[in-house]
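Trainee: I have a model open and want to learn to read it. Where do we start?

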Amino acid sequence: MGLFNRKRRDAPPPPTYAQQLAEYATAGSPALTARSDFVKKSACTQCGGTKQLPSVTAYVYCDYCGALMDFDFRLANSGTNAGLTNTVYHHLAAPWQASMNNARARGDADGFRMCMRAIYTEWVRQCPQAVSPRCANDEDFRERMITYLVESATSKEMDPRQQPLEAEMQMRVNSLVRVPMGPNAWRVANGFWEMAKLYKRQMEMAYAHMAETGVLALDPDQAPAGVPLRMEYSIYCQAWLPHLSPEEGERLLELYGLTGSYEKYEEIDTRSTQCGGCGMHLMTVPGASAVICDGCGRKLDIGGGSSPCPGCSAPLAFPVGVNQLPCPYCGTATARA
Ligand SMILES: [Zn+2]
Ligand SMILES: [Zn+2]
Ligand SMILES: [Zn+2]
């Protein structure tokens, strides 16, 4: 009896819906994990640097200046092409659907926001790989990220100009023909291009509206201009690529201005940096001035060099704006050199 109780107390928490899905998907078809040797090869709009190092979450930050650059859908979905995080989102949104429809019909933006906040708060918790690593340990950043997601969705959903476009989108989605391809992902047969062009129009309108109404300014990453829309396009294209022939895939990337954005990962010259915030060993590229730590999400000053801990001599990279910190290895107070 005692043993039974102890076992029950020590049992790990039940897996989240997102974890169950990831386990199911990664145990499945090899078609889902195609392209896994490729890194997202974007150029930074802030400093011009090209992405060299693999990213740990779907939020791709510049290796040179730490600016947000792009979104990697494959990384958001446990290394698969399946839209796991979309499925988690729909699962979490289902109980709120009636309230959201009501709020939309009444033009009640605050009611809509309330539903979105409940959904996104749980989605960010269950899908850490789909959001910035900066959310992991920085509560203020995470809250601002949730607010930004909520306001983005509210802005689009409550814009009356979007409603006829959304109605047309629903009609087009419902009439798409999905052709089974044996063990591979299904292919889309007709009506795809009208839908892809319509989505582009919807997003162009949504992001122009978000810029005008100050929603984009809420982005806690302060992404360079054009990056949030590009991230939206990346998500869309990466979700559809497995369902198109290679030629159609190229055409889609061209339509969205994303041609050549994946390349095979090759070993490059890197150096090791130790994060003064969390102690993680990071690879950095020569010439980097700032990077986002994969472990704790802090933006680290790399250009200024490292500062040795007086206790254990570990060379620590200081977070931007921090001049004093306890060494993450031995606890000794360390000042920026
Ligand atoms: Zn950069
Ligand atoms: Zn760190
Ligand atoms: Zn130390």
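**Cores, strands and a helix crossing**

Mentor: Start at L300. Leaving aside residues up to four places away in sequence, L300 touches C275, A290, V291, C293, A317, F318, P319 and V320. Touching, or contact, means that C-beta atoms, placed from the backbone, lie within 7 Å. This is a predicted model: local features need pLDDT of at least 70, side-chain atom pairs count only at pLDDT 80 or more, and totals for chains, interfaces and linings use all residues. Residues are numbered from 1 along each chain as its sequence is written, while chains are lettered from A and ligands numbered from 1 in the order in which they are written.

Trainee: Which residues touch the most other members of the largest nonpolar core?

Mentor: The general idea comes first. In soluble globular proteins, nonpolar side chains tend to be buried together. A nonpolar core is a set of buried Ala, Val, Leu, Ile, Met, Phe, Trp, Tyr and Cys residues joined through C-beta atoms within 7 Å. Buried means 20 or more other C-beta atoms within 10 Å of a residue's own, exposed means 12 or fewer, and partly exposed is in between; C-beta atoms are again placed from the backbone. Here the largest core has 51 residues, and Y61, M69, V291 and L300 touch the most other members. β2 (59-61), β3 (68-71), α4 (84-93), α6 (109-126), α7, α10 (227-240), β9 (290-292) and β12 (315-317) each supply at least two of its residues. Another core lies apart from it, with 14 residues, including A206, Y207, L216 and L252.

Trainee: What share of the protein is buried?

Mentor: Buried residues are 36% of the 337.

Trainee: Why does N102 count as partly exposed?

Mentor: Because N102 has 13 C-beta neighbours inside 10 Å. N102 sits in helix α5 (residues 97-106).

Trainee: How many helices and strands are there?

Mentor: There are 11 helices and 14 strands. Both are DSSP runs numbered from the N terminus: helices are H or I with at least four residues, strands are E with at least two.

Trainee: What is the strand order in the open sheet of 4 strands?

Mentor: Look for pairing, which requires at least two DSSP bridges between two strands. The order is β8-β7-β12-β11, with mixed pairing. β8 (281-284) and β11 (307-308) are the edge strands, each pairing on one side only. Strand β7 (residues 271-275) and β12 run parallel, joined by 2 bridges. Q274 has L316 in β12 as its bridge partner.

Trainee: Where does a positive phi occur in the hairpin of β2 and β3?

Mentor: At G66, with phi near 80°; this hairpin has 6 residues between the strands. β2 and β3 run antiparallel with 3 bridges, and Y59 stands opposite F71. In the hairpin of β4 and β5, 2 residues lie between the strands, and G182 has a positive phi near 65°.

Trainee: At what angle do the axes of α7 and α9 cross?

Mentor: Two packed helices are described by the angle and the distance between their axes. Axes are lines fitted to C-alpha atoms, for helices over the stretch in contact; angles run from 0 to 180 degrees between N-to-C directions. Helix α7 (residues 139-157) and helix α9 (residues 192-212) cross at roughly 115°, with axes coming within 10 Å. S152, S155 and K156 in α7 meet A206, H209 and M210 in α9.

Notes: Contact = placed C-beta atoms within 7 Å.
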